[in-house]
Amino acid sequence: MSAFALRLSGIEKTFRSGDTLVPVLKGVDLDLAEGEFSALMGPSGCGKSTLLMIAGMLEPPSTGAIELGGLPLSLADLSAAELRAIRRRGVGFVFQKPNLIPFLTASENIEVVLEINDMAPRKRRTLSRSVLAELDLAHRADQLPRRLSGGEQQRVAIGRALATRPALILADEPTAALDSVRGRQALELLRDAARRNGAAALVVTHDQRSLDLFDRVIQMEDGRIKG
Ligand SMILES: Nc1ncnc2c1ncn2[C@@H]1O[C@H](COP(=O)(O)OP(=O)(O)OP(=O)(O)O)[C@@H](O)[C@H]1O
Ligand SMILES: [Mg+2]
């Protein structure tokens, strides 16, 4: 029996632009096994970011079903507060820019997420430090973001996404702002940390040279998954 961290079935998404309807996702079926590290590739505009938003429940699909950690999510039956709670605990997001809070230290940027998840202060601090240590950032824990390099900031953002031990990590071009060496390092750290946590990850990337790091490469084209 295989367990799925994420299961998308028949996902369609149509946006309205003025009077016209723009179909962006045209029937996407996708299973991510627990612990699977997957790349999502495809031309600009094919719907990768839209798919991530839907997988992370930041955007509802027009039609289709989502299962997270084996639980069917009936979006119509969940309140906004219930959805937020599921997202907060079950999904970690990493975006192209780190988006750290500028007046909080690296450690505090991670601690705030744990605070929202009701973790006690001392535990937050210990966990945040161990996450930073895993990302080779123990020595940067008390620095403000502006004192960190771009690569270090993105590693803090990765730590923030992983700290709550989500079953699913969604990363939208997390290394686009880094040079290729730093980008590869960040992906390796993301992969290793996700593996240790047993989290599945879906990572949008355009970097052909880093594809060997992934268990699987998913190709998208014009709103559909190829193959
Ligand atoms: N909120 C929205 N309203 C209307 N159209 C949208 C909206 N969000 C996305 N789109 C359209 O959906 C299509 C897919 O966009 P999406 O951002 O998912 O592509 P992408 O594959 O992530 O591209 P890129 O590689 O450039 O980031 C685009 O044509 C875009 O204009
Ligand atoms: Mg995109």
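Before you click on anything, one cut-off: a residue is called buried when its relative accessible area is under 20%. Keep in mind, too, that you are looking at a predicted model.

Start with Phe214. At 9% relative accessibility it falls under that cut-off, so Phe214 counts as buried. Show both side chains: the rings are stacked, 4.6 Å centre to centre with 5 degrees between the planes. Phe37 sits in strand E3 (residues 37-41), while Phe214 is in the loop between strand E8 (200-204) and strand E9 (216-221), so this pair ties together parts 177 residues apart in sequence.

Is Phe93 buried or exposed? Phe93 counts as buried at 19%, whereas Phe95, at 33%, is partly exposed.

Now for the sheet. Colour the four strands of the open sheet in the order E2-E1-E4-E5; the pairing is antiparallel. Strand E2 (20-33) and strand E5 (71-73) are at the edges with a single partner strand each, so one side of each has no neighbour in the sheet. From one strand to the next, the twist averages 25 degrees.

Zoom in on E1 (residues 4-17) and E2, which pair over 11 bridges. Pick Thr14 there, and you'll find its bridge partner in E2 is Pro23. Last stop: helix H1 (residues 48-55), which packs on the sheet and touches E1, E2 and strand E4 (63-68). The direction of H1 makes about 120 degrees with that of E1.

Definitions and conventions
Residues numbered from 1 in each chain as written. Chains lettered and ligands numbered in written order. Predicted model: local features only at pLDDT ≥ 70, side-chain atom pairs only at ≥ 80, totals over all residues. Heavy atoms only, no water. Pairing = 2+ DSSP bridges. Helix = DSSP H or I, 4+ residues; strand = E, 2+ residues; numbered from the N terminus. Axes fitted to C-alpha atoms, helices over the stretch in contact; angles between N-to-C directions. Contact = heavy atoms within 4.5 Å. Phe/Tyr/Trp six-rings, centres within 6.5 Å; stacked < 30°, edge-to-face > 60°. Buried < 20%, exposed > 50% of the residue type's maximum accessible area, 1.4 Å probe, protein only.
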